[in-house]
Structure formats: C-alpha cells, structure tokens
Amino acid sequence: MSTLNRVPSLMARAGTASALTLAAMGGSVVVPGAASEAAAATHATKALKIAASKKGSPYMWGATGPRRFDCSGLTLYSFKKAGKKLPRTAAQQYNKTRHVSAKNRKSGDLVFFHSGSSVYHVGIYAGKGRIWHAPKTGAVVRLEKIWTSSVWYGRVK
C-alpha cells in the first residue's frame, strides 16, 4: 500500500495531522488559491519573456504582432502566446485584470498609464521600475523606466 493510500487511515487513527506531517508522509496539501496564483505567475513570466523577445520590433498603431505592435497589441500578443486571453485595448485590458497596488506589483503584471480615469497606455512590468512596451510611432519595443506616477497595476487572471 502506498503512503498516499495510508494517509486517510493514519489521519483517522491520529485524529488530525498538521500539513507538515502530512507532507512529510508523502501526502499532498491543498492550499486554497495557491494553484491559481502559481499558474498566473507562470503565465506572467512567459508573457514577460515573450515581450522581451520582441525588442526592436517597430511600433505600428493597431498592430498585434508578430512583427509590429502597438502598446496593447504587445501585451495581447505576449499573454496569448503564454496561454492567456486579453481584450484588445489598454482600457479593456485594465478592466479584465485583478488590480494590485504598486507595493504588491510583480514582474509580469500589466502597467496602465492613465490621465484621470482614462487609461491611455500599457506595458508589462519587468521589475526595478521598468516596463517592456511599444511606446509610439517611430519607436520600437523596448525596456524603459516608468516615467510617471500616474500608473495602475493589473494582474492577468
């Protein structure tokens, strides 16, 4: 009989077992929300790497890749390749993310630039106050420091 099959009978005899005891015996521990957070982190990490791989690609308004991008086209493309679906525009993407504070931001989160309540630009947070983004006509996809405090953060669900 495997250890996993013995866990219920061992727990019944002992009454209860701590998560550490259960894990030490080869059982599994389910932590609510942990799997979805881990999956989100994996998708975000992949999306960040995909965006970085597009360094130097020219900006083109309305473009969603694979060779040219606008800001939300880069985020849409990167997350799609990482297995997550996002809507087309920066504002729509903001509305589809789980909003997080600057203190709780992580690499792979989306960074939304806003004026008042209007979102006008998006990039992917790369850590250390930097984003990968497709900035404007005549520019290319690049890593750049966040230049304003008028930003919101969103985590792709």
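Which residue in β4 does Y125 stand opposite? In this predicted model, for which local features need pLDDT of at least 70, side-chain atom pairs count only at pLDDT 80 or more, and totals for chains, interfaces and linings use all residues. Residues are numbered from 1 along each chain as its sequence is written, and side-chain values use heavy atoms, with hydrogens and water left out. Helices (H or I, at least four residues) and strands (E, at least two) are DSSP runs numbered from the N terminus; two strands pair if DSSP finds at least two bridges between them.

The residue opposite Y125 is I131 in β4. Strands β3 (residues 118–127) and β4 (residues 130–133) are paired in the antiparallel sense over three bridges. Six strands make up an open sheet with antiparallel pairing, in the order β1-β6-β2-β3-β4-β5. From one strand to the next, the twist averages 40 degrees (axes are lines fitted to C-alpha atoms, for helices over the stretch in contact, and angles run from 0 to 180 degrees between N-to-C directions).

Helix α4 (residues 71–81) packs on the sheet, touching β2 (110–115), β3, β4 and β6 (151–156), and its direction makes about 50 degrees with that of β3. Contact means heavy atoms within 4.5 Å. Nine of the eleven residues of α4 are buried, so the helix is largely enclosed by the rest of the structure; buried means under 20% relative accessible area (1.4 Å probe, protein chains only). Among them is S72, with a relative accessible area of 5%. Leaving aside neighbours within four places in sequence, S72 is in contact with R88, T89, A90, Q93 and V122.

Methods. Buried means under 20% relative accessible area, exposed over 50%, partly exposed in between (1.4 Å probe, protein chains only).
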